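Look at the overall outline of the chain before turning to single residues. The paragraphs below go from the whole to the parts.

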Amino acid sequence: MVQTKKIALYVVVVFVLYTIITSPAKAADLVQIGFEGISSAAQSVGEFMTEVVN
């Protein structure tokens, strides 16, 4: 099972590096979308907690 996880991790790393090398602009867009999603989720959690406290 541990070997499978290592192989999967290596495959993901190789895929990410391949994407960055072959298409840096698209990779940057994907990273920006990811960070926007995380930011939006954090903001939503903050708003929810504010409403719970009030």
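Threonine 19 lies in helix H1, where helices (H or I, at least four residues) and strands (E, at least two) are DSSP runs numbered from the N terminus. This is a predicted model, in which local features need pLDDT of at least 70 and side-chain atom pairs count only at pLDDT 80 or more, while totals for chains, interfaces and linings use all residues. Residues are numbered from 1 along each chain as its sequence is written, and side-chain values use heavy atoms, with hydrogens and water left out.

With a relative accessible area of 17%, threonine 19 is buried; the term means under 20% relative accessible area, exposed means over 50%, and partly exposed lies in between (1.4 Å probe, protein chains only). Leaving aside residues up to four places away in sequence, threonine 19 touches Pro24 and Ala27, a contact being heavy atoms within 4.5 Å.

Helix H1 as a whole is hardly covered, since 1 of its 21 residues counts as buried.

At 47% relative accessibility, valine 12 counts as partly exposed. Together with Leu9, Val13, Phe15, Val16, Leu17, Ile20 and Ile21, Val12 forms a nonpolar patch on the surface, with about 770 Å² of accessible area. Such patches are made of residues with over 30% relative accessible area and no salt bridge, joining like charges within 9 Å and nonpolar side chains (Val, Leu, Ile, Met, Phe, Trp, Tyr) within 5 Å. A salt bridge is a side-chain nitrogen of Lys or Arg within 4 Å of a carboxyl oxygen of Asp or Glu. Accessible areas come from the Shrake-Rupley method with a 1.4 Å probe, and for residues only the protein chains shown count as cover.

How many helices and strands does the protein chain have? There are 2 helices and 0 strands. The C-alpha atoms fill a box of roughly 50 × 35 × 5 Å along the principal axes. The radius of gyration of the protein chain is 17 Å, whereas a compact globule of 54 residues would be near 10 Å; the radius is taken over C-alpha atoms, and the globule rule is 2.2 Å times the number of residues to the power 0.38. Of the 54 residues, 4% count as buried. The protein chain exposes about 5,000 Å², and carbon and sulfur atoms supply 73% of that area.
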